[in-house]
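User: I have a structure open and have not looked at it before. Can we go through it in short questions?
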Amino acid sequence: MITVHLRYEIDPDKLDDFTAYGRTWIRLVEKHGGTHHGYFLPSEGDSDEAFALFTFPSLAKYEVYRTASKSDPECVEAFGFARRTGCIRRYERRFLSPVFDGA
């Protein structure tokens with residue numbers, strides 16, 4: 001299992017656009033075989049930082065999703081929406097291995 005952690009630097013004046021973007025990607029990740037754990041938006045503290053977490057059964061399955069997202073019309077539109085609105089300034093991607101209770 002692999003969990004992807006995304007850290008976004010967003011435009012705080014475009015939070016509604018980023019929220020719409022996030023809602024779209026939750027569905028798209030699940031459409032392509034992942035489990036989305038949600039987007040986490042600014043509440044208190046930094047107003048330009050947001051996070052997302054989603055999991056795939058393996059790194060190989062994640063790579064299949066990444067390849068498919070480049071040609072899936074809904075994914076291409078979601079990428080375009082972020083570019084057009086400028087709601088995302090930059091992002092970082094990390095890969096994590098979850099640890100669960102061994103009991």
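User: What do the buried residues of α1 pack against?
Analyst: In this predicted model, the buried residues of α1 pack against β1, β2 (35–40), β3, α2, α3 and β4 (88–96). Buried means under 20% relative accessible area, exposed over 50%, and partly exposed in between, with a 1.4 Å probe and protein chains only. Helices (H or I, at least four residues) and strands (E, at least two) are DSSP runs, numbered from the N terminus.

User: Which residues of α1 are buried?
Analyst: Phe18, Thr19, Tyr21, Gly22, Trp25, Leu28 and Val29.

User: What span should α1 have, and how far apart are its end C-alpha atoms?
Analyst: The 17 residues of α1 should span 24 Å at 1.5 Å a residue, and the end C-alpha atoms are 24 Å apart, which agrees. The expected span is 1.5 Å times one less than the number of residues.

User: And just after α1?
Analyst: Gly33 sits there with a positive phi of about 95°.

User: Now the largest nonpolar core. Which residues touch the most other members?
Analyst: That core has 22 residues, and Tyr8, Phe18, Tyr21, Trp25 and Phe54 touch the most other members. At least two core residues come from each of β1 (2–10), α1 (15–31), β3 (49–56), α2 (59–69) and α3 (73–85). A nonpolar core is a set of buried Ala, Val, Leu, Ile, Met, Phe, Trp, Tyr and Cys residues joined through side-chain atoms within 4.5 Å.

User: What is Phe54 in contact with?
Analyst: Leaving out neighbours within four places in sequence, the contacts of Phe54 are Ile2, Thr3, Val4, Leu6, Val29, Thr35, His36, His37, Tyr62 and Tyr65. Contact means heavy atoms within 4.5 Å.

User: Thr3 is on that list. Where is Thr3 found?
Analyst: In strand β1. Thr3 counts as buried because its relative accessibility is 11%. Its side chain makes a polar contact with the side chain of Thr55 at 3.0 Å. A polar contact is a pair of N or O atoms within 3.5 Å; within protein, one must be able to donate a hydrogen and the other to accept it, and residues adjacent in sequence count only if both atoms are side-chain atoms.

User: Different topic. How many disulfides does the structure hold?
Analyst: Zero, where a disulfide is a pair of cysteine sulfur atoms within 2.5 Å. Cys75 is in no disulfide, and the nearest cysteine sulfur, that of Cys87, is 15 Å away.

User: Is Cys75 buried or exposed?
Analyst: Buried, with a relative accessible area of 0%. Cys87 is buried, with a relative accessible area of 0%.

Key
Residues are numbered from 1 along each chain as its sequence is written. This is a predicted model: local features need pLDDT of at least 70, side-chain atom pairs count only at pLDDT 80 or more; totals for chains, interfaces and linings use all residues. Side-chain values use heavy atoms; hydrogens and water are left out.
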